[in-house]
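Have a look at the picture first, then read on.

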Amino acid sequence: MRFHTVSGAAAAIVALSVTAATAQDRENWPDSFTVGTASQGGTYFAYGSGWANLVADELGMSGGAEVTGGPMQNMALVHTGDAEFGMTTMGPARESIEGTNPIAPGMKMDNACAMFPMYQTPFSITALAGSGIDSIDAIPDGARIGFGPAGSTSDTYFPRMLETLGVNFDRRNGGWSDLGGQLQDGLVDVIAFAAGIPVPAVSQLEVQTDVNIIEFTEEEQQKILEEFPVSEFQISASTYQTLEEPARSVAMWNFAIANCDLPEDFVYAVTDVVMSDNERMQNIHRAARSTVVENWDKNKVLPWHPGAAKWFNENGASIPEDMIKGG
């Protein structure tokens, strides 16, 4: 695994900013860390870059975000230790633990542990206003639909959802920013987003052109709820300039993950930085309003990292021992 102890030079630098005793406590910490996010233009990258930089600054160490293929790849990277941290949704997390992650079929990725709740990922559809596509049943047969990066939550689940609703389409993949440009250029007809809101690519589109943000009908929503591991969700009208009233949707929970072999005190310290000041996290991204202790119970799939579980249980959570790795 790609974990390294602090070098003598690094330890000396740390000692200048903290007590010698604290520096000694950091001997088993990695000398740097990486957070697996997703493509640029999506919420994962904005949110993940923000908390990675925050943790690096607060703990006085080197760390940052890495562009990845999203939740499925992040589970693989964190499981193997090629990334210390990552971000995933509950659906891809379950598939990875069960060994059905398409990146490595048959490999049970059980060495990625829960660290903290992030936010819900709503599933939403955007088209140009001039296209005439203002509902799911108005999507023409064979429409070119962008589902985000290959292996992302959107790419994994949204095609199945639209097939369930009887939509026939030509599947396209790409980063959210790239797909936004393709929508404007007429190279795709629809983008099916699964990302924390507001999605930066959608906000950018609104500035540049008129768009339709398409909601599910009650019947469509019910069909999806019956078939997929999602919950009811409403996109607030204040999320986007385009919306005049809340838009009906479905959503899946996201959690930050840590390699289970990382030192307990290191993960405790990282969790403390992120969770101790929610206003600061909301300044990074509005979706972080859901990054609160009360949402610890939204994880029903991943084992908790002992360091994260310790912080949460000290701050109002009740994570049972059998949900903690090694417990």
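A nonpolar core is a set of buried Ala, Val, Leu, Ile, Met, Phe, Trp, Tyr and Cys residues joined through side-chain atoms within 4.5 Å, where buried means under 20% relative accessible area with a 1.4 Å probe, protein chains only. What you see is a predicted model, so local features need pLDDT of at least 70 and side-chain atom pairs pLDDT 80 or more, while totals for chains, interfaces and linings use all residues. Residues are numbered from 1 along each chain as its sequence is written, and side-chain values use heavy atoms, without hydrogens and water.

The largest nonpolar core has 57 residues, and Trp51, Phe85, Met115, Phe116, Trp304 and Phe312 touch the most other members. Helix H3 (residues 43–59) is the top contributor, giving eight residues; helices (H or I, at least four residues) and strands (E, at least two) are DSSP runs, numbered from the N terminus. Apart from this core lies another one, of 27 residues, including Ile125 and Ala143. In soluble globular proteins, nonpolar side chains tend to be buried together.

Now find strand E8 (residues 211–214). Val211 and Ile213 are buried on one side, and Asn212 and Ile214 are buried on the other. E8 pairs with strand E4 (residues 112–128) in the antiparallel sense over four bridges (pairing takes at least two DSSP bridges), and Thr126 stands opposite Ile213.

Finally, Arg26 sits in the loop between helix H2 (20–25) and strand E1 (32–36). A polar atom of the Arg26 side chain lies 2.6 Å from the backbone oxygen of Leu59.

Conventions: A polar contact is a pair of N or O atoms within 3.5 Å; within protein, one must be able to donate a hydrogen and the other to accept it, and residues adjacent in sequence count only if both atoms are side-chain atoms. Buried means under 20% relative accessible area, exposed over 50%, partly exposed in between (1.4 Å probe, protein chains only).
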